[in-house]
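Subject: Handover of a structural model

Dear colleague,

Please find below the structure that I am passing on to you. My notes on it come after it.

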Amino acid sequence: MHAEIADEYRLTLGEGPAWDAESGRLYWIGIADRQVRWLGADQGAVELATEPGTLAPYRAGEVLLATAGGFELLDTATGATSLVAPVEADRADRRMNDGKCDPSGRLVAGTMLRSEPREPGPLYRLEADGSTTVLLDGLLIPNGLAWPEPDRLWHIDTPTRRIDLYEYPEQGPLGAKVRSLDVSHLPGSPDGMTLDAEGNLWVAFWDGRAVHCLTPEGRLLATVELPVSRVTSCTFGGPGLDTLYITTASAPEESSSGMLFRVQGAGLGHPAQPWSGRS
């Protein structure tokens with residue numbers, strides 16, 4: 001499958017693509033760049049005061065961010081942010097990273113240390129009442145999440161080079177580990193991911209120059225090769241969820257690194273869940 005450039009703006013660390021069906025926007029972020037960007041009829045960008053780790057669409061041009069300060073609501077029309085819930089506010093050496101909303105519309109995102117050596121940290125869920133729940137601890141670089149069923153969660157802790165499937169209760173922390181897919185035989189390290197309509201996993205590989213499609217049992221179905229090494233995440237978007245969008249990070253001597261890519265013909269996506277808001 002051929003990947004073409006969808007947007008030529010180069011980010012230092014492009015991440016977190018998310019399709020918002022209500023607005024017709026494809027959002028993505030620049031973590032180190034402190035930006036939220038979007039494609040659509042009103043293509044634009046917002047500069048932030050702190051690093052975003054991920055975002056979830058909300059309503060009428062608003063998105064929920066997981067940032068270095070915690071969970072924050074951003075109005076893309078004005079650039080104004082408001083704190084929904086602080087997370088590790090006393091840890092200036094840590095920031096929030098990749099995340100997604102669960103089937104109930106609650107944003108789940110982990111935190112990580114900015115520098116080596118890595119100190120393990122938690123995966124948090126923002127509850128409807130504004131409180132936060134620790135779902136899992138001991139993570140080094142928490143990344144891709146996907147729910148194949150409301151009570152199951154795929155999750156990636158990048159240094160393990162595995163994709164783990166957990167029981168996902170409606171309340172409280174994660175349950176038992178159901179299955180693990182070892183992807184250490186593939187070049188690079190697993191980063192962000194998304195599901196297609198068939199339940200297959202599309203996984204971006206940092207330093208792997210590719211997005212790989214795997215069955216829930218771990219069988220390799222397809223590979224999208226990219227002209228850049230640092231492939232960070234992916235999602236299906238467009239009105240028919242038939243375009244695979246891929247974010248990347250900048251790398252020396254790679255002229256298109258840090259740009260947003262797209263692939264036609266990869267299949268159909270699984271609809272993403274927007275943030276459900278506060279109760």
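The notes below go from the overall fold to single strands and residues.

This is a predicted model, in which local features need pLDDT of at least 70 and side-chain atom pairs count only at pLDDT 80 or more, while totals for chains, interfaces and linings use all residues. Residues are numbered from 1 along each chain as its sequence is written, and side-chain values use heavy atoms, with hydrogens and water left out.

Overall fold

The protein has 24 strands and 0 helices; both are DSSP runs numbered from the N terminus, with at least four residues (H or I) for a helix and at least two (E) for a strand. Its radius of gyration is 17 Å, close to the 19 Å that the globule rule gives for 279 residues, so the protein is as compact as a globular protein of that length. That radius is taken over C-alpha atoms, and the rule is 2.2 Å times the number of residues to the power 0.38. Along the principal axes, the C-alpha atoms fill a box of roughly 45 × 45 × 40 Å.

Of the 279 residues, 57% count as buried, where buried means under 20% relative accessible area, exposed over 50%, and partly exposed in between (1.4 Å probe, protein chains only). Among contacts with a separation of 6 or more, 43% are between residues 24 or more positions apart; contact means heavy atoms within 4.5 Å.

An open sheet of 4 strands has the order 10-11-12-13, with antiparallel pairing; two strands pair if DSSP finds at least two bridges between them. Strand 10 (94–101) and strand 13 (132–139) are the edge strands, each pairing on one side only. Neighbouring strands of this sheet are turned by 25 degrees against each other on average, direction ignored.

Strand 10 is joined to strand 11 (residues 107–113) by 6 bridges, and G99 has A109 of strand 11 as its bridge partner. L123 lies in strand 12 (residues 121–126) and counts as buried because its relative accessibility is 0%. Beyond its neighbours within four places in sequence, L123 is in contact with residues including V108, A109, T133, L135 and H155.

Strand 8 (residues 70–75) is mostly covered, with 5 of its 6 residues buried. Strand 8 pairs with strand 7 (residues 62–67) in the antiparallel sense over 6 bridges, and these two strands form a hairpin with 2 residues between them. E62 has D75 in strand 8 as its bridge partner. Strand 8 is also joined to strand 9 (residues 81–86), by 5 antiparallel bridges, and F71 stands opposite A85 in strand 9. The hairpin of strand 8 and strand 9 has 5 residues between the strands, and there G79 takes a positive phi near 80 degrees.

Cysteines

The structure holds 0 disulfides, a disulfide being a pair of cysteine sulfur atoms within 2.5 Å. For C101, the closest cysteine sulfur is that of C234 at 17 Å, too far for a bond. The sulfur of C213 also has that of C234 as its closest, at 9.5 Å, again too far for a bond. C101 counts as buried at 7% relative accessibility, and C213 counts as buried at 2%.

With kind regards

Note on methods:
Axes are lines fitted to C-alpha atoms, for helices over the stretch in contact, and angles run from 0 to 180 degrees between N-to-C directions.
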